[in-house]
Amino acid sequence: MIEFADLSAVDMLRAFRSRELSPVEVTEAVIQRVEIWEPALKALYAYDPEGARIAAKESEGRWRRGEALALDGVPCTIKENIATKGTAVPLGTAAMELAPAAADAPPAQRLREAGCVIFAKTTMPDYGMLSSGLSSFHELARNPFDLSKNPGGSSAGAAAAGAAGYGPFHVGTDIGGSIRLPAGWCGLVGLKPSFGRVPIDPTYYGRVAGPMTRTVADAALMMRELSKPDERDPMSLPPQEIAWTDLEREPRGLKVGLQLEAGIGLPVEPEVRAAIAKVADAFRRVGAIVELAPPFLTQDMLDGLDDFWRQRAWAEIGSLPPERQDKVLPYIYAWAERGRSLTGAQVHRGMSQMLAIRHAALKAIAPFDYVLSPVSPVPSFSAELASPIHDPERPFEHIVFTVAANMSDQPAISVHAGMTASGLPIGLQITGKRFDDVGVLQMARAWERLRGQGPDWPRAPQHAG
């Protein structure tokens, strides 16, 4: 029965419709999977198995009465920083004063309205500002493929839960790579939608919510619901009829860029480079026109963004009383504190780099329909580290392939490309032009077909370290 937890949402809904399975059976399978993994994985926050059982029973009744909702009975987790009614939102930090959220944020509300069984929130690092599961509030999240390794972040628990088989649907957020990086390091599909495509609250420049799943088809199902309008997001796109589940498209004739170097940041490791080059070769064989895409980010862009985000973080952390500042993760405190000494002119120049990145990214993709690149220059790293470098003075060296799409509104998806010799997933990023969300899903689905077998998902936890 526990293997029911590994079913895709597409297959679950088909089985519910035919009465081969019920939401109660699937939910029990997920609960069993959580019991096996969670003592080692630490992916969940506000886990509520009894509430899930009640919701699954209600879903079972709707299926029996012929009143099933769009995603009725599919188990789902929500990232901790997306509010769910009645649950505190600590933002990954022990410095936060806890109070129950008054209402579901838009992504949680859309999935609840669609009948998903929301059984837990998922863990994240302090303020969502690390590509790691390291947190001063949550226990250390780990990567199911190797418990000594990092799941990535900031959607750390979501990626770990997805790879361990805590059901098919997981929601993350992304402002510089926080969906795609952990998805890539955990073998998942992770879509950063076009900015504004998925209503979110609170809003911020470049911040999006999106699906983290094992299959592209499941990510499309989630987008069909997540993209529905919500007036609480004043930066969201106008409502639009989109054929989210129309995923079949031939790559023949498409012009595809291949970016193997970002020009700055960490060098791309040979195993990562080889895996992405292999993807490009596969697309060439089916008729895509693949050409090298040059790097376009500069160090000034990355440094300016770093200055602006440090000052933004310090504006919040620096306003806390000393006893609460002391609870912030030391790495995050050290990174943010330099924002204290930045001048107004420096912060303005830093913020202006968001527009510089935007213009450079859109100019770079203009000759192509899509661009292939690594998600990260390196595979996963030690679970105890804040980033692959673990240096608050070099915090963004590993996000050089992901961050630009946040600044440019472009959709970008992480999909499994292959494994390292040591058994760690390598993520492929496919970036599309602004608002072509279905296109990147179609390209990811085309790669799924070309790739054939996906990762061998880990079945039971091994000893960490």
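Hi everyone, let's start at helix α4, where the buried residues are Pro 106, Pro 107, Ala 108, Arg 110 and Leu 111. By buried I mean under 20% relative accessible area, with exposed being over 50% and partly exposed in between (1.4 Å probe, protein chains only). Helices (H or I, at least four residues) and strands (E, at least two) are DSSP runs, numbered from the N terminus.

A quick word on the source: this is a predicted model, so local features need pLDDT of at least 70, side-chain atom pairs count only at pLDDT 80 or more, and totals for chains, interfaces and linings use all residues. Residues are numbered from 1 along each chain as its sequence is written, and side-chain values use heavy atoms, with hydrogens and water left out.

Back to α4. Its buried residues pack against β2 (75–79), β3 (117–122), β4, β6 and α7, where contact means heavy atoms within 4.5 Å. Just after the helix, Gly 115 takes a positive phi of about 95 degrees.

Now, how many residues of strand β11 (425–432) are buried? Eight of its eight. Pro 425, Gly 427, Gln 429 and Thr 431 point one way, while Ile 426, Leu 428, Ile 430 and Gly 432 point the other way. In a regular strand the side chains alternate between the two faces of the sheet.

β11 also has two strands to pair with, and pairing here takes at least two bridges found by DSSP. β9 (370–374) pairs with β11 in the antiparallel sense over five bridges, and Pro 374 stands opposite Leu 428. β10 (412–419) and β11 are antiparallel too, over seven bridges, with Gly 418 partnering Ile 426. In the hairpin of β10 and β11, five residues lie between the strands, and Gly 423 takes a positive phi near 90 degrees.

Last stop, the surface. Which residues form a nonpolar patch there? Tyr 205, Met 235 and Met 351, with about 240 Å² of accessible area together. Areas come from the Shrake-Rupley method with a 1.4 Å probe, and for residues only the protein chains shown count as cover. Met 351 sits in helix α12 (residues 344–365), and counts as partly exposed because its relative accessibility is 31%. Thanks, everyone!

Terms used
Patch = residues over 30% accessible without salt bridge, like charges linked within 9 Å, V, L, I, M, F, W, Y side chains within 5 Å. Salt bridge = Lys/Arg side-chain N within 4 Å of Asp/Glu carboxyl O.
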